[in-house]
Amino acid sequence: MGSVRDNLRRTAELPQSDSARLDLEVLLGHILGRGRSWLYAWPEYLLSDREQDGFDSLLRRRAGGEPVAYLTGRREFWSLPLEVNTSTLIPRPETELLVEVALELSPQAQCRALDLGTGSGAIALALAHERPGWQILAVDKSASAVAVAERNRDALGCGNLVLVQSDWFARVPPETFDLIVSNPPYIDAADPHLRRGDLRFEPRSALIAARRGLADIESIAAGAPEFLALAGWLVVEHGWQQAPAVRDIFTGAGLGEVSSRRDYGGRERLTIGRRVAQSTERVHARSRTSPSG
């Protein structure tokens with residue numbers, strides 16, 4: 001057995017982590033069912049044999065590179081506690097920019113929104129929480145990911161969110177949305193970052209896209225005009241070096257008012273585009289010929 005203080009001094013066991021102290025705090029708090037402030041209020045607390053064994057096991061796994069979020073099964077996003085597991089990406093703080101931009105572009109109290117590739121439901125749940133009057137549909141091709149997102153929705157009480165298993169637009173009902181958002185796979189299969197850090201443990205299907213990481217963005221942009229209401233927005237996260245290519249993809253798909261937004265580090269990480277009037281007849285024709293439901 002060891003004390004809380006002793007266990008929080010074990011940073012040397014995590015030489016490859018750039019946040020070793022924080023990792024220890026989160027993992028120890030998880031084992032003890034306590035917050036980080038409690039750890040500092042009770043540094044002399046002695047772990048039981050069971051608690052110590054549990055912490056030692058998590059520490060070994062973290063030393064092997066497993067992400068803290070997968071070890072605890074939890075990650076916070078937009079101040080919301082979310083369940084995550086190896087069927088979902090780990091929500092990143094930088095993706096909160098997508099939520100900020102979506103709320104800025106669609107400030108109205110009533111909105112129909114679609115989240116493509118929802119994973120744990122992070123983006124959709126953030127929007128649902130901020131705008132309880134919105135009606136949000138979120139889809140993911142992974143049944144396991146949809147199950148995680150459903151549990152998160154139920155835990156947070158977001159009754160304005162509906163979840164469907166779908167490969168992009170394949171099972172989206174024939175209706176239009178004021179806003180479509182997505183954080184799709186955008187990493188090239190040859191990218192060396194896939195062999196480093198947390199990415200080694202995250203689902204490849206949620207990370208990698210063909211055509212130098214742009215294939216899924218191309219699919220989303222091509223399909224979006226049929227599902228966007230007139231003047232509706234498409235907002236997509238992408239790699240910081242992909243913005244020029246993504247703008248070209250959006251423009252080629254017939255979207256207007258195309259531009260990219262920078263993150264707090266000054267990198268272009270989001271591209272937005274709007275459905276313009278030219279696509280109106282094509283969308284209406286689809287609505288007339290497609291079955292409802």
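**Entry 1: β7 and β9**

I began with β7 and β9, which pair in the antiparallel sense over 5 bridges. Here two strands pair if DSSP finds at least two bridges between them. Helices (H or I, at least four residues) and strands (E, at least two) are DSSP runs, numbered from the N terminus. I noted that this is a predicted model, where local features need pLDDT of at least 70, side-chain atom pairs count only at pLDDT 80 or more, and totals for chains, interfaces and linings use all residues. Residues are numbered from 1 along each chain as its sequence is written, and side-chain values use heavy atoms, with hydrogens and water left out.

Which residue of β9 does tryptophan 233 stand opposite? I found arginine 274 there. Glycine 256 also stands opposite arginine 274 in β9.

I then checked how covered β9 is: 7 of its 8 residues are buried. Buried means under 20% relative accessible area, exposed over 50%, and partly exposed in between (1.4 Å probe, protein chains only).

**Entry 2: the hairpin**

Next I followed β9 (residues 268-275) to β8 (residues 255-262); the two run antiparallel and are joined by 6 bridges. I picked out arginine 261, whose bridge partner in β9 is leucine 270. The hairpin of β8 and β9 has 5 residues between the strands, and in it glycine 266 takes a positive phi near 85 degrees.

**Entry 3: the whole sheet**

I stepped back to the open sheet, in which 7 strands follow the order β5-β4-β3-β6-β7-β9-β8 with mixed pairing. Why is one side of β5 and of β8 left without a neighbour in the sheet? They stand at the edges, each with a single partner strand, so that side has no neighbour. From one strand to the next, the twist averages 15 degrees.

I also looked at β3 (residues 112-116) and β4 (residues 135-140), which pair in the parallel sense over 5 bridges. Aspartate 115 has alanine 138 as its bridge partner in β4.

Helix α10 (residues 215-227) lies across β3, β6, β7, β8 and β9, and runs at about 165 degrees to β7. For such values, axes are lines fitted to C-alpha atoms, for helices over the stretch in contact, and angles run from 0 to 180 degrees between N-to-C directions.

**Entry 4: α6 against α7**

Two packed helices are described by the angle between their axes and the distance between the axes. For α6 (residues 96-105) and α7 (residues 122-130), I noted an angle of about 40 degrees and axes 10 Å apart. That makes α6 oblique to α7, since angles under 35 degrees count as roughly parallel, over 145 as roughly antiparallel, 65 to 115 as roughly perpendicular and the rest as oblique.

Which residues meet here? Leu98, Val99, Ala102 and Leu103 in α6 meet Ile123, Ala126, Leu127 and Glu130 in α7; contact means heavy atoms within 4.5 Å. I sorted the residues of this contact into 7 nonpolar, no polar and 1 charged. Ala, Val, Leu, Ile, Met, Phe, Trp, Tyr, Cys and Pro count as nonpolar, Asp, Glu, Lys and Arg as charged, and the others, Gly among them, as polar.

I found α7 mostly covered, with 7 of its 9 residues buried; among them are Ile123, Ala126 and Leu127.

**Entry 5: aspartate 248**

Last, I looked up aspartate 248 in helix α11 (residues 243-252). Is this residue buried or exposed? Aspartate 248 is exposed, with a relative accessible area of 57%.
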